[in-house]
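Trainee: I am new to this structure and would like to go through it step by step. Could we talk about what holds its parts together?

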2 protein chains.
Amino acid sequence: MFGDAKNALLVSVRSGARASMPGMLDTVLNLGLNDATVEGLAEKSGDRRFAYDSYRRFIQMYSDVVLGIEHYEFEDILGGYKDEHDKHLDTDLDAEDWLEVITRYKACVEERLEKPFPQDVHEQLWGAIGAVFGSWNNQRANTYRRLHDIPDNWGTAVNIQAMVFGNMGDTSATGVAFTRNPSTGEKALYGEFLVNAQGEDVVAGIRTPQNITEAARIEAGMPDPSLEMLMPATFVELKAIYEKLEGHYRDMQDLEFTVQEGKLWMLQTRSGKRTTKAAFKIAIDMVHEGLITRDEAVMRIDPAALDQLLHPTLDPNADKELITIGLPASPGAASGEIVFSPDEAEKLNAQDVKVILVRTETSPEDIHGMHAAEGILTSRGGMTSHAAVVARGMGRPCVSGAGSLHIDYEAQTMSSAGVTLKKGDIITLDGSTGEVMIGEVATLKAEMSGDFGVLMAWADDARTMGVRANAETPLDARTARDFGAEGIGLSRTEHMFFDGERIVAMREMILAEDADGRRKALDKILPMQRADFVELFEIMSGLPVTIRLLDPPLNEFLPTGDDEINQVAEAMEVTPQRLRRRIAELDESNPMLGHRGCRLAISYTEIPEMQARAIFEAAIIAAENTGKPVVPEVMVPLITGKAELDNVTARIKDIAAQVEKEKGVKIDYLIGTMIELPRACLMAEEIAQTAEFFSFGTNDLTQTTFGISRDDAGNFLNEYTAKGLLEVDPFISIDVDGVGELVAMGVERGRKTRPDIKLGICGEHGGDPASVTFCHQVGLDYVSCSPFRVPIARLAAAQAAISERLKNDKS
Amino acid sequence: MFGDAKNALLVSVRSGARASMPGMLDTVLNLGLNDATVEGLAEKSGDRRFAYDSYRRFIQMYSDVVLGIEHYEFEDILGGYKDEHDKHLDTDLDAEDWLEVITRYKACVEERLEKPFPQDVHEQLWGAIGAVFGSWNNQRANTYRRLHDIPDNWGTAVNIQAMVFGNMGDTSATGVAFTRNPSTGEKALYGEFLVNAQGEDVVAGIRTPQNITEAARIEAGMPDPSLEMLMPATFVELKAIYEKLEGHYRDMQDLEFTVQEGKLWMLQTRSGKRTTKAAFKIAIDMVHEGLITRDEAVMRIDPAALDQLLHPTLDPNADKELITIGLPASPGAASGEIVFSPDEAEKLNAQDVKVILVRTETSPEDIHGMHAAEGILTSRGGMTSHAAVVARGMGRPCVSGAGSLHIDYEAQTMSSAGVTLKKGDIITLDGSTGEVMIGEVATLKAEMSGDFGVLMAWADDARTMGVRANAETPLDARTARDFGAEGIGLSRTEHMFFDGERIVAMREMILAEDADGRRKALDKILPMQRADFVELFEIMSGLPVTIRLLDPPLNEFLPTGDDEINQVAEAMEVTPQRLRRRIAELDESNPMLGHRGCRLAISYTEIPEMQARAIFEAAIIAAENTGKPVVPEVMVPLITGKAELDNVTARIKDIAAQVEKEKGVKIDYLIGTMIELPRACLMAEEIAQTAEFFSFGTNDLTQTTFGISRDDAGNFLNEYTAKGLLEVDPFISIDVDGVGELVAMGVERGRKTRPDIKLGICGEHGGDPASVTFCHQVGLDYVSCSPFRVPIARLAAAQAAISERLKNDKS
């Protein structure tokens with residue numbers, strides 16, 4: 001019974017949140033012990049050392065979690081006691097030692113709080129419940145939720161479980177295990193345990209844990225026996241339970257177990273974290289095993305984590321100067337400057353310096369530094385240590401438990417094998433092998449395994465939205481196709497104007513006195529621009545290509561510094577004064593809201609005319625060369641209403657008619673517009689009378705809807721997300737409530753006028769999974785994103801489609 | 001019958017638009033004459049001269065209007081004929097002369113068109129009909145419609161009327177008349193006529209017309225007899241008809257009549273144009289005569305025309321030597337010496353020298369100089385540029401964007417059209433027309449007659465919306481009350497930070513290293529700001545006052561030029577480097593979308609805290625002094641969602657609680673927000689959970705909804721309105737379709753949460769009649785505008801309320 005002096009029930013008080021947040025929330029173990037019940041426990045277990053050890057653990061943990069006395073105070077007491085008695089390991093201490101430690105612990109508590117350590121077990125229980133609930137709002141939990149998009153308002157449950165003990169002698173043990181390998185996805189038991197220990201000892205990485213299977217032990221070359229050999233009956237039972245749990249939950253499980261005097265207890269099961277590579281393999285294997293459907297397999301992959309697969313690996317032919325080898329805790333290779341503190345990591349990252357965070361071990365307070373680092377290296381801790389679990393979740397390469405490494409925080413050095421490196425020196429990690437190398441080692445581009453292709457094909461079957469890429473260079477266009485893009489959703493023609501001769505002609509145009517002068521300069525650009533489009537159309541080989549007319553303010557093409565102005569003036573054979581005057585004329589206080597987009601096309605009709613001609617002539621040439629018809633989509637930017645679009649459309653149609661007449665060929669094309677201003681969303685019904693497609697430019701739409709310039713937002717936007725004034729940076733993930741409503745309005749009104757209007761998105765949001773889900777829900781035909789994000793968008797689009805089907809099936 | 005050689009019907013073909021557009025559309029008279037019918041007319045009328053004169057008039061008019069042959073070609077022929085025959089006046093020519101002129105006219109047509117003048121009367125008729133319809137789109141009609149807000153899509157009817165002839169000898173005449181004096185409003189027949197003439201002769205001003213009444217003739221000292229004496233029977237008949245028509249239409253009529261051989265024909269009647277002064281008198285007289293109701297009287301005044309009454313105007317009889325024309329940015333006329341610096345303006349003003357401040361553009365640091373000047377002239381910036389907005393607010397005449405003006409600050413000269421003026425030279429501005437003149441031009445003082453007060457009182461009875469003013473200086477606040485403002489809807493506190501000591505303290509705050517440093521600097525501003533508010537509250541004597549927290553980016557308070565930076569650094573005892581570094585840190589690429597508004601209040605909580613304290617302490621003091629309770633309305637700018645407002649509101653409430661505790665007084669106050677970003681409109685339902693009032697900031701809302709910075713819009717916005725891409729500059733009159741929908745959304749959603757939420761508008765639109773109508777329709781509680789526009793807003797609000805009542809009565 002709880003509090004019974006003879007036979008006390010001991011409990012653990014732990015969190016129970018909807019989503020797993022490993023190590024983020026608090027736990028109190030061994031609760032129910034006091035000066036009376038500890039004696040009962042000693043008597044009943046016949047093991048006084050075990051009873052006092054449990055009590056001192058409880059005092060330490062409860063004082064830390066509930067009473068707010070820092071952990072290190074107790075470590076200092078314990079260390080002091082050991083020094084006095086010349087003892088080194090916890091196991092060197094006997095029952096009498098622990099009793100003395102307990103006395104000192106209680107004295108410490110009383111001194112700090114001016115009242116004794118609580119002896120009333122109900123008071124203990126309520127204290128622990130309050131603390132676990134409260135831990136939902138601690139800083140590391142807040143950070144973790146922000147990184148994993150877990151809503152703050154979910155909150156946590158508190159579970160109270162009867163305690164079992166893995167530290168009741170050598171027939172007791174505790175462990176953590178996965179039903180499949182969380183790094184590779186291989187179907188094999190995988191895990192670690194410690195004899196005569198409690199769970200926290202495994203996680204804390206204080207002792208090096210043993211393997212569960214004999215096969216794993218042999219592969220790892222570990223000296224201590226595996227669970228399979230040490231406790232064969234328990235191993236068989238554990239295996240059966242593993243299989244049952246995986247079958248029931250139809251997913252790879254991460255379990256905690258304890259063996260108390262030969263009896264196996266399961267403490268917890270949950271879907272296990274895994275690397276993206278493992279996630280692919282597990283999902284595909286489970287489909288083949290008949291455990292889950294293809295749709296379920298697609299739902300199992302976190303689109304944001306696909307980035308991991310695109311991580312580089314070490315070039316096998318590169319020279320490597322090894323300094324140490326640790327555990328391959330999280331795959332991928334990374335190089336960077338050594339830093340020893342998470343704050344330092346964050347600071348340097350903000351300055352675009354690549355860093356590797358080096359720590360003896362990591363704790364939840366280090367998360368911001370881990371996020372800022374390219375990779376993480378620890379000298380202690382196993383494959384399931386905090387560092388390993390968190391790094392895998394983040395997709396950061398990690399080498400853990402590199403035991404030979406000596407880290408001196410004070411001197412800011414790390415040494416191994418006679419070599420000492422200091423802060424700022426460059427190292428390279430291979431998180432797939434555990435190797436740590438001096439200097440920067442060459443890396444190879446990510447290789448997409450067969451599993452990737454299989455599952456992405458299932459995703460493509462499932463999704464209903466198209467996925468295009470934002471690309472204008474041949475390289476980008478080819479990458480986009482490699483990654484499965486089904487067309488180009490945004491080709492920013494101004495990117496073609498900055499090179500060599502082109503910028504000269506562009507500047508000539510800007511300085512021209514009249515339309516004729518501008519036309520003369522544009523005539524020089526025409527053949528180059530046409531050649532660009534021919535190449536783009538040929539690479540895309542009949543897939544749709546959306547080309548946006550010139551968008552940025554003209555000042556972007558003019559020089560800025562004094563030297564550059566003088567040089568350019570000389571090269572252009574004008575006076576620096578004249579050039580300066582034009583620069584001043586074009587100067588704007590808010591260029592973002594200035595003379596750009598279709599406003600340029602309206603003021604300088606020669607520009608869209610040249611661009612339209614280049615597009616149409618290129619379409620004819622590319623169609624001839626490839627034998628595939630090209631249907632260019634001409635996109636007019638920054639429209640506020642129908643009248644503007646009509647004006648520019650008339651010009652484009654004139655040119656199309658001219659080119660058709662000149663070449664004797666009929667040209668198929670679409671004219672549409674970026675919807676990137678609030679007014680365009682509001683006026684979509686009218687605009688769709690002219691526009692044959694809309695592409696939502698959610699970057700600019702976010703800027704104007706919020707009244708926030710992305711270039712200037714750094715000053716306050718971080719503060720906003722940190723203070724909870726914004727849930728997420730609206731430039732990263734679309735603001736569904738505000739910007740989203742405008743997009744939904746644009747969709748609805750556009751379709752009202754023209755039911756078959758083609759609708760897409762071409763802002764940065766096109767590659768953000770949450771935003772892709774929104775795009776599906778709002779009914780867009782396609783998303784367009786940067787080439788490297790195309791796979792993410794394909795998967796996110798598939799998941800959105802599957803979720804919708806599931807919802808419809810239910811209702 | 002039409003085309004009958006013996007007895008031909010002649011017709012006039014004229015326009016019939018819904019709104020009167022005097023002289024803008026084309027007319028063809030005497031149609032139906034050809035070589036055959038002219039002989040019939042000669043025979044039937046017994047007057048060959050009359051017949052041929054009519055025929056030559058017809059050829060001339062038809063050729064001009066329908067055939068596109070310029071008027072002057074016929075004038076040349078007629079002039080040549082007269083010279084050959086030594087004749088001077090038209091009346092010197094007899095029938096044979098006209099016959100010869102006709103021959104020459106027809107030869108001219110045939111030469112120009114390579115075909116003869118049309119003899120088929122039906123061809124003539126269709127030609128004229130087409131031309132009159134077509135004249136709807138001629139340039140002068142387009143311009144007129146734009147100036148008078150007449151929609152292009154109304155179009156015109158074409159009326160075909162049988163001709164009567166005022167040129168059939170001395171018993172015939174033609175005239176134009178008003179039922180009341182259109183200049184003064186005096187109730188007396190007013191008009192002119194010519195004997196033996198057609199209507200165009202009166203309008204064209206070729207002969208000096210005679211008076212209609214004998215009284216007018218005597219008063220004007222004209223030698224030729226009045227109609228009253230010359231044709232007494234006709235006069236009596238005309239008078240009876242006049243009275244009948246005015247009684248029928250219940251408005252002053254502008255009529256055209258013709259007397260053909262003693263018989264009176266009425267050609268046209270329409271409501272007559274009148275001066276604003278006359279409009280007031282006529283409306284009030286008609287109420288007293290029982291002709292119209294008070295509501296109808298209120299509807300008879302064009303609110304936009306009130307400007308005429310409220311500002312000094314140029315003496316129409318004075319000579320003017322124009323130097324340039326810019327935009328009519330703020331109405332009224334002013335003369336003074338040219339100065340190029342605001343400090344100079346202030347200095348000279350202190351010596352009672354009247355100055356005109358001439359700048360390329362103005363910025364907030366120039367306000368003291370603008371205030372000291374009689375008028376402001378800028379070479380850049382549009383109707384809503386800083387100069388224009390501030391000048392209107394201050395009631396200073398302003399001409400902005402005079403693009404042809406070249407200003408040389410160094411030489412202290414301005415030049416345009418080959419004329420160079422230097423500092424100290426006198427110029428005169430007409431802010432109602434945009435004209436800039438050399439030297440002093442005589443002006444007439446604004447006169448607010450008793451009629452003005454009477455009618456405005458009726459307007460106040462009729463309106464349901466409140467009218468407040470945007471004001472922060474005591475002068476503005478007093479002006480606002482004089483003009484009938486019922487409170488202050490927007491007090492821009494930053495305008496209080498630019499003066500003398502304050503800007504020093506402000507800069508100290510901006511340069512402070514931390515919150516403590518900022519607080520120290522703000523402590524210096526607190527007493528000054530509090531004193532400002534005390535004065536404002538006392539002047540407004542219990543009327544509501546809305547105070548907006550600091551809004552502009554901090555960079556606006558720092559110096560810009562090298563010299564100024566060095567001076568300020570020295571005065572502040574910091575290095576120029578440090579000052580420069582801070583300026584660079586605060587530099588933004590799009591300050592409009594940058595770190596301003598509530599974003600400042602969130603980053604630097606000391607600022608809203610100081611401001612809230614100043615407001616609350618001032619409210620207590622002013623209430624004590626005046627004996628009237630003060631309920632300040634604290635307004636948080638640039639909100640995008642509820643979380644931001646909650647954050648700032650918590651700060652304000654803390655301070656209120658502190659001040660209450662310190663002073664032992666309970667403070668009544670409201671906290672609300674500017675709704676000036678699209679997202680704020682969309683999220684209004686949530687925001688209203690916190691906000692006790694909304695004030696729609698439609699300047700910024702227009703900027704973000706359109707993605708147009710008003711500082712930069714000059715480059716293309718004029719082109720947009722000229723090309724018809726925008727019906728009206730959305731910064732002048734609210735864009736009902738786009739911005740208006742967002743406002744309507746904000747109103748509906750805000751009221752959904754908080755039915756009694758106070759709703760107002762404080763953008764420039766609050767003083768624009770069309771926008772005021774929109775505000776009434778959308779259900780705002782009040783509009784707030786610059787003090788000088790308050791009467792306009794009162795009248796427009798009354799008209800909107802009356803229109804709505806009329807509509808409801810009908811349905």
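This is a predicted model: local features need pLDDT of at least 70, side-chain atom pairs count only at pLDDT 80 or more; totals for chains, interfaces and linings use all residues.

Trainee: In the salt bridge between B:Lys87 and B:Asp97, which residue counts as buried?

Mentor: The side chains of these two residues meet with an N to O distance of 2.7 Å. B:Lys87 is in the loop between helix 3 and helix 4 of chain B, and B:Asp97 is in helix 4 of chain B, ten residues apart. B:Lys87 has a relative accessible area of 22% and is therefore partly exposed. At 6% relative accessibility, the one that counts as buried is B:Asp97.

Trainee: Turning to chain A, which residues are linked with A:Arg596 in a network of salt bridges?

Mentor: One pair to start from is A:Arg596 with A:Asp700, whose closest N and O atoms are 2.9 Å apart. This pair links distant parts of the chain, since A:Arg596 is in the loop between helix 21 and helix 22 of chain A while A:Asp700 is in helix 27 of chain A, 104 residues apart. Both are buried, A:Arg596 with a relative accessible area of 5% and A:Asp700 with one of 11%. The network links A:Arg596 with A:Glu494, A:Arg548, A:Asp551 and A:Asp700.

Trainee: How many salt bridges does a search of the whole structure find over all chains, and how many are counted between chain A and chain B?

Mentor: The search over all chains gives 115 salt bridges. Across the two chains, A:Asp735 forms a salt bridge with B:Arg679, where the closest N and O atoms are 2.6 Å apart. The count between chain A and chain B is four.

Trainee: About how much area do chain A and chain B bury between them?

Mentor: The size of an interface is often given as the accessible area lost when the parts come together. Here 47 residues of chain A are in contact with 45 residues of chain B, and 22 residue pairs across the interface are in polar contact. Of the area buried between the chains, 53% is on carbon and sulfur atoms, and the total is about 4,000 Å².

Trainee: How do the residues on the side of chain A that touches chain B divide into nonpolar, polar and charged?

Mentor: Several helices of chain A each supply at least two residues of this side, including helix 24 (642–663) and helix 29 (739–753). The residues of that side divide into 18 nonpolar, 15 polar and 14 charged.

Trainee: Which residue has its backbone oxygen 2.8 Å from a polar atom of the side chain of A:Gln799?

Mentor: A:Gln799 is placed in helix 31 (residues 790–810) of chain A, and its relative accessible area of 13% makes it buried. Leaving aside residues up to four places away in sequence, A:Gln799 touches A:Val298, A:Met299, A:Ile301 and A:Pro303. The backbone oxygen in question is that of A:Val298.

Trainee: Finally, which residue follows helix 1 of chain B?

Mentor: Helix 1 (residues 37–45) of chain B has as its buried residues B:Thr37, B:Val38, B:Gly40, B:Leu41 and B:Ala42. What covers these buried residues includes helix 2 (48–65) of chain B. After helix 1 of chain B comes a residue whose phi is positive, near 65 degrees, namely B:Gly46.

Technical notes. Residues are numbered from 1 along each chain as its sequence is written. Chains are lettered from A and ligands numbered from 1 in the order in which they are written. Side-chain values use heavy atoms; hydrogens and water are left out. Contact means heavy atoms within 4.5 Å. Buried area is the accessible area (1.4 Å probe) that two parts lose on being put together, summed over both. A polar contact is a pair of N or O atoms within 3.5 Å; within protein, one must be able to donate a hydrogen and the other to accept it, and residues adjacent in sequence count only if both atoms are side-chain atoms. Helices (H or I, at least four residues) and strands (E, at least two) are DSSP runs, numbered from the N terminus. Ala, Val, Leu, Ile, Met, Phe, Trp, Tyr, Cys and Pro count as nonpolar, Asp, Glu, Lys and Arg as charged, and the others, Gly among them, as polar. Buried means under 20% relative accessible area, exposed over 50%, partly exposed in between (1.4 Å probe, protein chains only).
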